[in-house]
Amino acid sequence: GGGRKTGVYFKTSAAPVVDDILGVVVEAAHSSGLRVFAWMTTKYADYGIENDSDLACKGFDLRAGGYIRCRGLDLFNERAVERLEAIYSDLASYEIDGILFQDDLVLRHSEGFGPHMDALFMRYTGRAVSPSSLYIYSKTGEPEKVRYTGLFWQWAAWKNHRLLDVAGRLRDVVRKKRPETLFALNLMYESVTNPQYA
């Protein structure tokens, strides 16, 4: 907002470039004996897609009972993942030491809908999903009182596998150019305290 430019800080044709300064930063850091990890968005790398709604994440608004555009990319859309791969490939042209995936590689309980997810879920599980098959809630009640069906838990686990698959694809693209690159992924605290909800 407020006219702030969004994008990346390295040269790429796959996303808006705020300023190509990564090379200077890496050179200065390495000359001082420091390593450089690029802190990179994944799902939230939606800069430059404002007019391409097919690439946008789709959610379901439990209160309103309808589909909405949610923040970030639709990571079930192959075109969105290929765009990310192109961004990460260009990032690997710089002598970075590693990449920290930002904590945006996550889909909330009501995110991840749309035709691309539908087709993939059907292909991998033979099942169709819809909000009515995933959530049990009163239309007049509070969305936070929602309960989940057995299919929801299968769908949630499958969505997480998809996110890890996307992370693996991004890692592989980078390592084609820079095999020694290290990767770090944020671990949500629920992974330890409440694995099911993680």
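Trainee: Which residues of α3 are buried?

Mentor: Met 117, Leu 120 and Phe 121 are the buried residues of α3. Keep in mind as we go that this is a predicted model.

Trainee: And how are those buried residues arranged around the axis of α3?

Mentor: Looking down the axis of α3, they fall within an arc of 100°, so they line one face of the helix. The face turned away from that buried side carries the exposed residues Pro 115 and Arg 123.

Trainee: What covers the buried residues of α3?

Mentor: The cover includes α5. Helix α3 spans residues 115–125 and helix α5 spans residues 150–177, and the two pack with their axes 12 Å apart at an angle of about 105°. That angle makes α3 roughly perpendicular to α5.

Trainee: Which residues meet where α3 packs on α5?

Mentor: From α3 you have Met 117, Leu 120, Phe 121, Tyr 124 and Thr 125, and they meet Leu 151, Gln 154, Trp 155, Trp 158 and Arg 162 of α5. Sorted by class, this contact has 7 nonpolar, 2 polar and 1 charged residues.

Trainee: What comes just after α3?

Mentor: Gly 126, which takes a positive phi of about 75°.

Trainee: Let's switch to α1. Which of its residues are buried?

Mentor: Helix α1 covers residues 22–31, and its buried residues are Leu 22, Val 26 and Ala 29. They cover an arc of only 70° around the axis, which puts them on the same side of α1. On the other side of α1, the exposed residues are Val 24, Glu 27 and Ser 31.

Trainee: What sits over the buried side there?

Mentor: The cover of the buried residues of α1 includes α2, residues 78–91. Just after α1 there is also a glycine to look at: Gly 33 has a positive phi of about 80°.

Trainee: OK, on to the strands. What is the strand order in the open sheet?

Mentor: This open sheet has 3 strands in the order β1-β4-β7, and the pairing is parallel. β1 (37–40) and β7 (182–185) stand at the edges with a single partner strand each, so one side of each has no neighbour in the sheet. Ignoring direction, neighbouring strands here are turned by 20° against each other on average.

Trainee: How many bridges join β4 to β7?

Mentor: There are 4 bridges between β7 and strand β4, residues 98–101, and the two run parallel.

Trainee: Is Thr 181 buried or exposed?

Mentor: Thr 181 is buried, because its relative accessible area is 2% and the cut-off for buried is under 20%. Setting aside its neighbours within four places in sequence, Thr 181 is in contact with Asp 97, Gly 98, Ile 99, Val 174 and Arg 175.

Trainee: What about β2 and β3, how do they pair?

Mentor: Strand β2 (residues 56–61) pairs with strand β3 (residues 66–73) in the antiparallel sense, over 5 bridges. Lys 58 stands opposite Arg 69 of β3. The two strands form a hairpin with 4 residues between them, and Gly 65 in the turn has a positive phi of about 75°.

Trainee: Last bit, the whole chain. How many helices and strands are there?

Mentor: The protein chain has 6 helices and 7 strands. Going from the N terminus, the elements run α-β-β-β-α-β-α-α-β-β-α-β-α. The C-alpha trace spans about 60 × 40 × 30 Å along its principal axes.

Trainee: And what share of the residues is buried?

Mentor: Buried residues make up 42% of the 198 in the chain. As for contacts between residues at least 6 apart in sequence, 67% join residues at least 24 apart.

Note on methods. Residues numbered from 1 in each chain as written. Predicted model: local features only at pLDDT ≥ 70, side-chain atom pairs only at ≥ 80, totals over all residues. Heavy atoms only, no water. Pairing = 2+ DSSP bridges. Axes fitted to C-alpha atoms, helices over the stretch in contact; angles between N-to-C directions. Parallel < 35°, antiparallel > 145°, perpendicular 65-115°, else oblique. Contact = heavy atoms within 4.5 Å. Nonpolar A, V, L, I, M, F, W, Y, C, P; charged D, E, K, R; others polar. Buried < 20%, exposed > 50% of the residue type's maximum accessible area, 1.4 Å probe, protein only. Arc of directions from axis to C-beta.
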